[in-house]
Amino acid sequence: MAVHVLIAEDHAVVRQGLRDFLSLDGDIAVAGETTNGREAVRLARELSPDVVLMDLMLPVMDGIEATEQIREELPEVRVVALTSALDGGIVMAAVRAGATGFLLKNAEADELRHAVKAAAAGKTYVSSAAVARLVDQVNGAGGPERLTERESEVLVMLARGKANKEIARELGIGQQTVKTYVSHIFDKLGVHSRTQAVAHALRLGLVPSGELAQGLVAVDDYPWSA
């Protein structure tokens with residue numbers, strides 16, 4: 001079954017490029033297009049796409065607010081944020097709003113399609129540039145980071161894109177125990193998503209950036225997924 005995508009982008013040339021890139025993959029279908037955030041929310045309700053490619057700087061209603069509304073009303077719809085100039089504050093705001101991926105508008109076709117498919121599968125794809133901004137934001141946030149040895153192990157596995165069942169299998173513990181560790185990690189680091197936890201792992205040097213496949217961080221979207 002094809003992944004249905006709604007494109008929310010106000011620049012016609014960029015929108016055309018996104019459509020052309022996506023059309024190269026027979027497993028992806030463009031369900032609709034719009035040029036402003038308010039219309040993106042309306043079309044998301046109407047079309048129920050699998051993924052919304054959301055420009056963060058849209059007119060009428062910006063992409064952050066549109067993302068938040070879509071995720072609140074349609075939690076099954078994933079949102080991949082698009083931006084031409086990454087700013088740590090914007091990236092973090094998009095994380096809080098519920099975006100499940102971040103890409104620069106000049107991303108290559110393969111990266112774009114990979115991110116869309118990952119989002120549809122419940123994973124988050126973050127470009128290495130976006131990770132750098134998240135790390136910068138986390139660096140300025142401070143806060144406690146007193147993780148136990150086992151919590152650090154789990155954090156490393158999260159950063160490497162492992163699902164709870166994989167972590168449980170490798171550590172020889174139950175999936176519920178893994179969920180408990182993830183909850184403790186989130187509480188100690190003061191984060192609310194695996195994307196933010198990965199930023200901490202990178203900053204602490206637990207996972208060298210060179211280990212991130214193809215310059216991307218692949219992590220589960222929700223902390224409680226198995």
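Where does Pro59 lie, between which strand and which helix? Pro59 sits in the loop that joins strand S3 (51-55) to helix H3 (63-73). Helices (H or I, at least four residues) and strands (E, at least two) are DSSP runs, numbered from the N terminus. This is a predicted model, in which local features need pLDDT of at least 70, side-chain atom pairs count only at pLDDT 80 or more, and totals for chains, interfaces and linings use all residues. Residues are numbered from 1 along each chain as its sequence is written, and side-chain values use heavy atoms, with hydrogens and water left out.

**View 1. Surroundings of Pro59.** Pro59 touches Asp10, Thr35, Asn36 and Gly37, leaving aside residues up to four places away in sequence. Contact means heavy atoms within 4.5 Å. Asp10 is 49 residues from Pro59 in sequence, yet their C-alpha atoms are 7.6 Å apart. Pro59 has a relative accessible area of 34%. That makes Pro59 partly exposed (buried is under 20%, exposed over 50%, partly exposed in between; 1.4 Å probe, protein chains only).

**View 2. The largest nonpolar core.** This core has 18 residues. Such a core is a set of buried Ala, Val, Leu, Ile, Met, Phe, Trp, Tyr and Cys residues joined through side-chain atoms within 4.5 Å. Val5, Leu22, Val51, Leu53, Leu103, Leu112 and Val116 touch the most other members. Helix H5 (109-120) is among the elements that supply at least two residues each. H5 gives the most, with 5 residues.

**View 3. Confidence in the chain.** pLDDT is the predictor's confidence in each residue, from 0 to 100. The chain mean is 81. Strand S7 (residues 216-220) is lowest, at a mean of 41. S1 is highest, at 98.
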